[in-house]
Amino acid sequence: MARAGLWAALGLLALPVLAGLAGVIAPAFGYLPALGGTELSLDPWRGLLSWGGLAAAMRLSLTTGVLSTALSLALTFLIVAAWQGTRSFAWVTRALAPMLALPHAAAAFGLAFLIAPSGWIARALSPWATGWERPPDLLIVNDPWGLALVAGLVVKEVPFLLLMTLAALPQADSLRSQMIARGLGYGRVMGWMKVVAPRVYAQIRLPVYAVLAYSMSVVDVALILGPTRPPTLAVQILEWTNHPDLQMRFQAAAGACLQLVLVVGALALWRLAERLVARRGAGWAAGGARGAGADRVLRPLGAGVALATGLAVGLGLAGLLVWSFAGLWRFPALWPDAWGLRNWAGQSDMLARRIWQSAVIALGASVIALALSVAALQAQGARPARIMGLIYLPLIVPQIAFLPGLASFALILGLDGTLLAVMAVHLVFVLPYVYLVLADPWRAWDARAGLVAASLGARPLRVLWAVRLPMLLRALCVAFAVGFATSIAQYLPTLLIGAGRVGTVTTEAVALASSANRRLIGVWAVVQMALPMAVFAACLALPALIWRNRQGMRIG
Amino acid sequence: MHRIIAAIAIASASLSPALADSPDPQDWDAVLDAARGQTVYWHAWGGDPRINAFIASVGDDLQDRYGVTLEHVRLADTADAVTRVISERQAGRDSDGAVDAIWINGANFASMKEQGLLFGPFAEDLPNWPLVDTDANPAVLIDFTLPVEGFASPWAMFQMVFEYDSATVNDPPRSLDALRDWIGENPGRFTYPQPPDFLGASFLKQALYGVLDDPAALLDPVGEDYDEITAPLWEFLDEITPNLWRQGRAYPANEPALAQLLADGEVDIGFAFNPGRASAAIADGELQDSVRTFVFDGGTLANASYLSIPYNAAHIEAALVLANLILDPEIQARAQDPDVLGFQTVLGMDRLDAEDRARFEALELGIATLPPEEMGTGLLEPHPDWMTRLAEDWAERYGQ
């Protein structure tokens with residue numbers, strides 16, 4: 001039965017992705033009978049290539065994706081190398097969960113208001129320091145180089161990579177390795193980079209690839225922070241997908257194929273760079289430079305980076321919260337001239353409905369994902385099956401490359417626009433995260449407890465129910481919360497499969513992004529953030545409550 | 001729970017014989033009977049909270065008076081709903097479609113009407129139709145040069161007005177030439193939404209009117225003399241672009257984004273299609289009360305907003321009831337209230353009874369709204385071809 005769960009999980013991940021890809025590749029070559037395309041042709045590609053912004057859009061996707069991934073990875077390593085094993089580091093790890101629960105779009109909104117020329121930073125410095133009585137004419141958000149987009153991605157990907165790194169550290173035996181390196185006179189950061197980093201990187205390689213693929217093809221963050229003339233390739237594909245002239249769907253499909261090729265190409269390049277770094281790095285590591293002095297610069301830098309990331313997200317969200325209660329708020333006033341509840345009151349009906357729909361979808365998808373993950377893990381036994389690498393498929397194939405194809409299938413089958421269909425498509429993205437979060441604690445479980453139970457006559461299923469699941473309650477709760485947050489954050493799947501009938505707080509918030517109404521964006525982003533946070537808090541409280549009289553189940 | 005009840009109600013309604021035939025708006029009682037218990041999905045642009053709140057209030061009336069539930073599907077772009085209907089037809093879903101009603105005009109209306117995607121004609125059979133002032137507002141019969149022929153029901157009149165902050169601008173530019181000079185003298189203080197956004201593309205048309213001596217050609221589809229006619233427009237844009245907000249390297253996405261720039265003081269002059277928008281925003285505390293409006297001496301673009309029903313709509317009767325309700329004098333007066341929306345009514349005052357007329361007469365103008373006699377000439381919307389073509393060429397010249 002557990003084996004069936006494993007195959008169900010893999011099928012659930014792979015089938016929609018493959019079907020979606022087929023649904024994109026065929027129309028890219030002119031074949032989509034529902035739209036009158038019955039003959040193979042290269043017209044979609046001709047249309048794509050004749051778009052004047054193509055080169056720039058491709059360049060943007062590539063540069064912003066690679067830059068944000070490299071930056072996120074470097075900053076993550078810096079933070080861990082400089083501070084692992086200290087009290088501040090424990091504090092950073094505790095701040096991770098809420099940062100992870102925060103949807104990308106909400107973080108992007110907050111950042112946009114923080115750094116805009118009429119944003120909070122400019123307001124705090126004006127007019128006393130800057131002399132600005134009116135917002136300066138500076139292009140910061142939506143800058144043509146995509147730097148604001150990179151910043152928006154980095155503040156969200158650093159927490160994700162930190163989490164993945166933390167999970168990998170025990171297997172890399174990092175603390176003892178670093179201790180030995182320091183005993184040999186290496187600086188904290190230098191020792192970690194030379195001794196621990198290579199082993200950790202090997203373990204977080206797939207998450208890094210997921211970050212790269214995601215950053216190159218993200219739609220919601222790019223809509224909020226990215227350039228507009230032209231936008232990134234992914235955003236342009238979405239525009240073509242939604243174009244009133246249905247013939248543009250073919251061009252959109254060709255664009256989606258191109259996006260896939262671009263991502264695969266970037267991954268190949270990244271892999272090549274890995275080898276290069278490995279070869280050069282081996283010599284560097286053996287070179288013996290101790291870099292003890294570098295700590296004086298790198299440790300404060302690491303702390304600064306962690307603090308800046310936290311502040312960018314925290315202050316951004318605080319800004320949105322203030323906007324959601326603001327009446328008139330003119331530049332350069334630091335606080336609104338008037339406060340009120342009308343922004344919230346006006347949205348109350350819609351809020352109630354969207355929260356309800358989002359919660360039902362997220363709950364359903366997370367519960368199913370949890371059950372499938374447990375089944376898949378149970379089926380594998382002690383050693384992970386290689387085939388589970390497939391779990392990364394939906395994270396690495398760009399959403400924009402296969403979701404339009406999946407949406408066409410849903411429309412033809414008449415499944416679109418239902419709560420169940422949206423829940424099913426969310427499951428494709430929720431399942432990998434739930435599985436990844438659950439897998440490590442699952443394997444770390446002390447199997448001797450199971451042996452004792454078995455020797456007392458318990459069958460495997462009873463061991464699972466009566467011993468393993470209760471002991472792993474905390475991990476299960478965290479995995480559920482991550483799944484819930486992942487579902488809440490889904491924009492494109494909800495938009496394309498929901499057909500306007502099913503909407504979540506995230507589709508509502510991103511739709512409002514175009515309206516530039518900060519009060520409403522504030523309201524929705526706050527809700528978008530509060531919903532997963534509340535579930536996170538509940539999921540952390542539940543095990544503590546249930547196990548309050550079990551000394552052995554305490555943390556730490 | 002009541003979602004399930006609603007689903008059952010919808011399911012049983014679709015079994016009733018009334019739906020077997022296409023609804024006949026002339027048999028209004030049958031329409032009302034069939035509509036009761038239905039949910040009408042109105043796909044309408046959802047970027048303005050005031051409009052959303054107004055639509056929600058119409059939904060309350062619809063429920064109270066006719067037992068019809070209104071679901072506002074908030075669109076980022078009207079084209080999304082058009083796409084939806086086209087996709088459904090091509091997937092063979094010729095009934096029970098997702099879109100029951102669309103807020104529409106211009107190119108979207110033209111393309112749906114041409115492709116036979118609309119239910120109708122129905123508008124002139126609505127019980128409230130006799131109240132519509134077809135003499136004073138020819139735009140309720142002709143949308144962007146295309147005869148409407150009852151395939152859409154008008155519900156609000158719009159005319160482009162410029163909004164400026166009187167605290168920083170003393171003498172607003174009342175012609176395109178004056179605007180060009182003003183932009184040159186005040187670099188970075190003006191911009192327009194990025195075409196193909198509706199308001200942004202409308203600015204291009206407004207500018208085209210301003211640079212042409214004889215704009216008659218705009219009322220025909222785009223012809224071979226397109227390059228010749230539009231050359232002065234591109235000259236005008238080339239001249240102002242370096243002095244636009246962000247030097248024209250970025251543009252606001254749409255009307256609310258432009259409005260936010262005005263509220264933030266990033267630009268000094270904005271514009272909108274709703275002459276009462278500024279007043280309503282000031283009343284809501286979203287815009288400084290020093291903002292006023294003006295129009296060009298040569299006139300500004302005027303058009304009407306319509307409600308259309310797709311041919312495959314699942315709830316045509318409910319959509320008909322909705323179309324009729326928003327022509328109700330009470331609802332129209334609510335839309336015109338400067339504290340609500342400030343929309344201009346499509347109804348003729350001489351066609352109303354005394355009580356309904358009083359509703360309109362009781363309305364104040366709003367602090368930033370121009371009185372009717374100062375609104376100047378409403379320019380006819382060019383043929384929808386122009387908007388599409390101008391937006392495409394704009395993207396090629398400035399959008400990449």
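Predicted model: local features only at pLDDT ≥ 70, side-chain atom pairs only at ≥ 80, totals over all residues.
**Entry 1: Ala207(B)**

I started with Ala207(B) and found its place in helix α7 of chain B, which covers residues 198-211. Is Ala207(B) buried or exposed? I counted 21 other C-beta atoms within 10 Å, and the cut-off for buried is 20 or more, so Ala207(B) is buried.

Next I asked which residues Ala207(B) touches, leaving out those up to four places away in sequence. My list came to Leu176(B), Leu233(B) and Phe236(B). I then followed up on Leu176(B): from Ala207(B) it is 31 residues away in sequence, yet the C-alpha to C-alpha distance is 6.7 Å.

I moved on to strand β8 of chain B, residues 269-272, and looked at its two faces. Ile269(B) and Phe271(B) lie on one side, with Gly270(B) and Ala272(B) on the other. All four are buried, so I noted both faces as covered.

Which way does β8(B) pair with strand β7 of chain B, residues 161-165? I found the antiparallel sense, over 4 bridges. For one spot in this pairing, I noted Val161(B) opposite Ala272(B) in β8(B).

**Entry 2: where chain A meets chain B**

Last, I looked at the two chains together: 40 residues of chain A are in contact with 45 residues of chain B. On the chain A side, the elements giving two or more residues are α17 (399-413) and α24 (518-546). I also sorted that side by class and got 19 nonpolar, 14 polar and 7 charged residues.

Terms used
Residues numbered from 1 in each chain as written. Chains lettered and ligands numbered in written order. Buried ≥ 20, exposed ≤ 12 C-beta atoms within 10 Å, placed from the backbone. Contact = placed C-beta atoms within 7 Å. Pairing = 2+ DSSP bridges. Nonpolar A, V, L, I, M, F, W, Y, C, P; charged D, E, K, R; others polar.
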